[in-house]
Amino acid sequence: MIPRLVFPLFLVLTGLSAPAQSAPEPLPRPLTLAAALQRAAEQHPGLAERRSDERAVQARRDQAGLRPNATVDIALENVMGTGALQGVRS
């Protein structure tokens, strides 16, 4: 009789007895192949780096297709005059 009581007593004392019934947890949604590929494409650091490189190449290509910025050159030589025409006199 004592051996029959030892195991249930052990379970009760250690807390290994069956847990109280509670509402079952809902099962997680299964991961489909399309969802797995979408998640990998969004979160993989190597793929994010690749997308960044592609944007940089596209920006350089766009910039290369533009015309250069306009520039204005001014050359001044002997503006204030020489001799009798030197400087501004009132």
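Mentor: A residue is called exposed when its relative accessible area is over 50%, buried when that value is under 20%, and partly exposed in between. R50, with a relative accessible area of 53%, is therefore exposed. Please keep in mind that the model is predicted.

R50 is one partner of a salt bridge, and E54 is the other. The closest N and O atoms of this pair are 3.4 Å apart. E54 has a relative accessible area of 45%, so this residue is partly exposed. A search of the whole structure finds one salt bridge.

Both partners belong to helix 3. E54 and R50 are separated by four residues, which corresponds to about one turn of the helix.

The setting of that helix comes next. The protein chain has three helices and zero strands, and its elements follow the order α-α-α from the N terminus on. Helix 2 covers residues 33-43, and its axis comes within 6 Å of the axis of helix 3. The two axes cross at roughly 65°. On the side of helix 2, the residues in contact are A40, A41, E42 and Q43, while helix 3 contributes P45, L47 and R51. Sorted by class, this contact has four nonpolar, one polar and two charged residues.

Beyond helix 3, which spans residues 45-64, comes the segment that holds L76. Together with V72 and I74, L76 makes a nonpolar surface patch of about 400 Å². The relative accessibility of L76 is 68%, and the residue therefore counts as exposed.

Of the 90 residues in the protein chain, buried residues make up 0%. The protein chain exposes about 9400 Å², and carbon and sulfur atoms supply 61% of that area.

To return to the part you asked about: the salt bridge joins R50 and E54, two residues of helix 3, of which R50 is exposed and E54 is partly exposed.

Notes: Residues numbered from 1 in each chain as written. Predicted model: local features only at pLDDT ≥ 70, side-chain atom pairs only at ≥ 80, totals over all residues. Heavy atoms only, no water. Patch = residues over 30% accessible without salt bridge, like charges linked within 9 Å, V, L, I, M, F, W, Y side chains within 5 Å. Areas by Shrake-Rupley, 256 points an atom, 1.4 Å probe, with all protein chains shown as cover. Salt bridge = Lys/Arg side-chain N within 4 Å of Asp/Glu carboxyl O. Buried < 20%, exposed > 50% of the residue type's maximum accessible area, 1.4 Å probe, protein only. Axes fitted to C-alpha atoms, helices over the stretch in contact; angles between N-to-C directions. Contact = heavy atoms within 4.5 Å. Nonpolar A, V, L, I, M, F, W, Y, C, P; charged D, E, K, R; others polar.
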